[in-house]
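Let us take a walk through this structure together. Please keep the sequence and the 3D view at hand as you read.

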Amino acid sequence: MMIGNAGGGRMVAASLLILVMFPALLTAEPGAALRDKYNASPASREDVVVFDAGSIPRYADFSKSYPAEFSEEPGAVVELTGHNLAAGSSEDSFLDWERGRDFFEWTFTIADAGYYKIDIEYLIEGGSGASAQREMSINGEFPFEEIGNIFFHRRWVEAGLVRQNTIGDDVSPRQIQQPLWQTVTVRDGFGYYPEPLHFYFSEGEHTIGMRYIAEPMKIRRIILRSAENIPSYSEVKKEYDRKGYLPVKQHFTLQAEDTSWKTDPTLRRIAIQDPAAVPYENGYRRLNGIGSGRWRRGGQTIAWNLDVPETGLYAIGLKVGQWWGEGLPSHRRIEINGAVPFKEFGDYVFVYNREFRNEILSSPEGEPYLVYLTEGRHTLSMSVQVGRLQEISKDLKANALLLSSMLRKIVMITGQEPDVNFSYELDKNIPGLMDDMASLKESMDKQIDLLVSMSDRRPVAANNFAMLSDLFAELIADPDSIPRKMNDLENAQKNIGTWMTDLLSQPLTIDYFMIGDPGMDMPRARSNFFQRLFASVSNFFRSFVKDYDNVGGLVEAGSADRSIDVWIARGKEWAELTKELADETFTKDTGIAINLNVLPPSQLNAGQVNALLLAILSGNAPDVALGTNSQSPVEFAVRGAAYDLRTFPDYEETVQNFLPGVMTPYHFNGGTYGLPETMDFTVLIYRNDIFAELGLSVPDTWEDVYKNMLPILRENGMDFSYPRGAAAFLPFLYQMNGTFYKDMGRKSGLDSPEAFQAFKTWTELYTNYKVPVQADFYNRMRTGTMPIGVGNYYTYILLSTAAPELKGRWDIAPMPGIRNAEGEVERWAGGMSTASIILNQSSKKEDSWEFMKWWSSEPVQAQFGREVEALMGVEARWNTANVKAFKALPWEPEHISVIDHQWDYYREQPYVLGGYFTMRHVDNAWNRVVMGTMGVRDSLEKAVKDINRELKVKQEEFNYIPTEFLEEIE
C-alpha cells in the first residue's frame, strides 16, 4: 500500500508516518493492506520462517551498526482512518485476532529510507488475564532475537477502595482489567533496553508479519514513525532556561500505593511494617506501599496520577527501599505522560542500601532532575529495566549452554560415574575443551569487572563469579582433575542459570512521593529506636487478643443469616483470597457467612494425631475442611467422620466439573466423601534442542522408548528419567489392563497375568534398560545429560520459572503408552489431588454443600486461579481440578492441548480398607528386585500375600460388607 493523498491527507517525506489500518475481516478487497494467512500455520508453509532464537543476534549486537544520532527533520504527520483505506472499511474497523488464526502479514511502501520505530494500537478483552504475545518478522525475516516475543500488556486497576476486615487489617482491592484501546511502541519484552526497538527500512515495498503466541487481541492500526533522539538532561535544561521556566516553591505528596494503573495484576499494595511508614498503625496491617519483590520483572510498569497545583519545574522525591541484590542497583525507566523526558530517565539507577531512604531523582553528581509540568493532571510511570545487567544475562545464558554442551561431551567419555583414578585425557580427546574452559574463565572475569563497575560496593554476585573463575583456572591447569570435579561443574552450570534469574530480578519498594521544590525537606525515612520499641511492645500485647489463625473477612459472621466453619490447609495468602471471594460473592448471594481458619496441611490429613482428629474426638469439628490429601476423605468416612456427598440431589451435576478418574479415591462402598480441589498431570518433558541435535523423535509408546530412544541416549552419555516410587507403577498396571483390587476390593488384583507383566516391565526399566534409580531430573535437564523424562505439574512450573536459559528449548508431550488391538495408544496415568470434605458432625450440611458447590464451580476456580497468580506470580499457578477452569488459566496453548489429551487417560487408584499398605508393599517388591536379587515373580507374590493379609485385618476390624466397588473408568 502506497501512502499518498488519501482522504485529503498529505505525505511529508521528512517526517514519515505510515498507518496500516484494518478493514473488517473477510471484507477487504484484493490489493488491500491485509493478507489473511490464518488458514495455514507457519509450520505448514514454506514462506513463513520459524523463529530460532539460538541462530539470531541480539538487538544489542545488531544495533551497533546504528548511527549515534538519528537524522530528524521536522514536518507534518499524516493520519489515515479506516474509511480512507479500502471499500467496506468503517471508522472503527480492526483485526479481531483470536486463537487459531496463526499468522498475519501487512504490506506497505516506504518513500524515505531510514530508521523507524513501530507503534501498535490494540485492545485486549477476555482471555486468561495474561499479556498477549506475538512473534514479529520484517520482510519474512527476524533481524534480531528480541523481535520474536513482543508483549502487549493489559491495563490493571483496583476494583474499589481499601477496606478493613473483621480483625482490623487492610484488605487489598481486587485487580480488574481496564479494557481500552492503547498504543504501545514495540520494544523488547524483558526491559533490556531503555529505548524502543528501531528498524531500518529502505525505499520500496516491505512487509511486517506477526504470529500468534498467546492471548487474543484486537489491533486497529500499525504506525511507523521516524526514529527519535531523546535529548540529554543538559539539553533539556538549556531549553528550560531559554523559555524562562522556574522551579516551583511548593510541593505535594502522593502515596505510592495509590496507583493509577499497572501492567501486571501482581503489583498490589504491600504492608511496610516499619513504624516510619505512611500510613502506619500499631497492631494492624496497613497497606502502605507498592512494589517489593513483586515489582522485579523487566517490563512491569506502575503509573500514578499527578494533580499538579501550578505550572513550573518540579523535582521528584520519593521514600524508596532497595535492599535486594546484595549490593546491586535496581533500574527503572521513568516516563511523564507516556514519554521519557530526557535520556537519564530512560534507565535511572536506584543504588543498593539496606534501609529505607529519601531520594530526589538526581544526576550522579547530585543535581536534581527537574521536569516541566503544567497545572492539571499528569501521569508518572516507572517500568522495570535490567540496565547493564542485560550484558551479563546475555553472557550467562551463552555460558550455561556452553557448559551444558561441555558436560555432555565429557559424560560421553567418562559416563555418569567416572573413575577418578583413570586418566581420560579429556583435553586431548575432546577437541576445543580447554579453549571452552578458558572462554568460561574469561567470561567470569568479565562479569566480575562489570558488576564492580556498576555498584559502589563489591556485590556478592561478584564473589560467586570469582569462585567459578577459580574453578575453571584449576581445571585448565590440571585437566586430569576434571573427572574428580564433575559435581563442581554440574553445580556451576546450575548456579549460572540461577544467578541469571537473580540478576534479572530488579525489585524496588516505594512508600510515597514528594514532588515539588528541589530544596524541599522530606520526613525522616527510618524509624528510630523508640518508635520500634513502642511498636514491638504494642504488637506483643495485641497478640493476646488478636486471633492470627482466623482469616478476617469483609463480612461479620453474625451479620449474615447463617454461617459455617471452614478449616483450610494452605498458606495465609490463599486463605485470605478464599475468604475475600466468599464474602464478595458466596455470602452476598446465599446469606451464608464463612468463618475461615488456617492450619498446616498435616493438621487436616487422616492417619495421624492432629488438630482435625482432636476436634472430631472432642465434638468440635468444623463444617468443611479444604486441602486434605486424597486418602483422607475415605479414611475419615470409614470412621464415621466424613459425610456422603451422594445424598445431595445435585451431586451428579456437580461432579461433571471433574475428570471421572480424579473422583476414584473419594468413592467407597456406594458413597462419595470428597470433591477434588487440585489435581496433577503426568507428561513427557524433553529438551527439543537436544532431540533435534540427535535426530530423535519424541517416543509415542514404550516400545519407542526402548528401541528407538534409549540406545541413542546411551550412545551420547545421556539418560531418561522416570520417577521412583510405587505411584510410578500405576501407569504400567492400567496401560496393561490390570487392576489393583478384585472381589469388590476385598483382595489384591496384583496376582493377575496383566499385573505381573506390568510389574515386570516396570522393574526392567531399571534392571535391563538402566534408567537411573534416582536422579535430579530438573537440574540434569538443565545440564542436558537427562534431556527427557516423565514429569508432573511441579517439574513443569519449575522449568517455566527457574530455568531461563532453557526458554524455548524444552517442550512437553503425552505420556508413552501401549498400543491396543484397535491401534489406540493407551496412556493411562494418574496424579495426586487434594480434596474438600464435609464433616459428619456438621449440623449445617446443606449450607456446607452450597459452599462446596460454589467453591468447586468453574467461575470461582478460574477467578481464584487468576487471583492467586496475580498475587504471587506464575510460581503459584493454581492447578485446579475443575477442568474448564484449568483451561482458562494462562497456559501455553500448545501445552494445554497436550495436557488435555493426557487427561483423556487420567486414572487414579481406588480406596479400600487397608489399601494404604498396597503401595508400601509394591514399593518393597520393587526394592527386592531392583535393589536386591529376588526374582520378579517371587517378589510380587510376596507383596500380594502381605497386601491381602492387611486387607483382611482391616475388613474384619470394620466388619466390611462391600456393596459397590469402582475401579474401572467409563
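Below we visit the nonpolar cores, then a loop, then a helix, and finally some charged pairs.

This is a predicted model, in which local features need pLDDT of at least 70 and side-chain atom pairs count only at pLDDT 80 or more, while totals for chains, interfaces and linings use all residues. Residues are numbered from 1 along each chain as its sequence is written, and side-chain values use heavy atoms, with hydrogens and water left out.

In soluble globular proteins, nonpolar side chains tend to be buried together. Here a nonpolar core is a set of buried Ala, Val, Leu, Ile, Met, Phe, Trp, Tyr and Cys residues joined through side-chain atoms within 4.5 Å; buried means under 20% relative accessible area, exposed over 50%, and partly exposed in between (1.4 Å probe, protein chains only). The largest such core has 75 residues, and Ile118, Phe465 and Leu489 touch the most other members. Helix α3 (residues 389–414) gives the most to this core, with 9 residues; helices (H or I, at least four residues) and strands (E, at least two) are DSSP runs, numbered from the N terminus. Another core, of 62 residues, lies apart from it, with Phe586 and Met781 among them.

Now look at the loop between α3 and α4 (426–429), where you will find Val420. Val420 counts as partly exposed because its relative accessibility is 41%. It touches Pro483 and Arg484, not counting residues up to four places away in sequence, where contact means heavy atoms within 4.5 Å. Val420 and Arg484 are 64 residues apart in sequence, yet their C-alpha atoms are 5.4 Å apart in space.

Next comes helix α24. Its buried residues, including Val936, Leu940 and Ile947, pack against β37 (741–742), β38 (747–748), α16 (753–767) and α23 (916–931). After α24 comes Asn959, whose phi is positive, near 55°.

We finish with charges. Side chains of opposite charge can pair when their charged atoms come close. Counting a salt bridge as a side-chain nitrogen of Lys or Arg within 4 Å of a carboxyl oxygen of Asp or Glu, the model has 58 salt bridges. In one of them, Arg225 pairs with Asp119, the closest N and O atoms being 2.8 Å apart. This pair links distant parts of the chain, with Arg225 in strand β15 (residues 217–226) and Asp119 in strand β5 (residues 114–123). Asp119 counts as buried because its relative accessibility is 6%, whereas Arg225, at 28%, counts as partly exposed.
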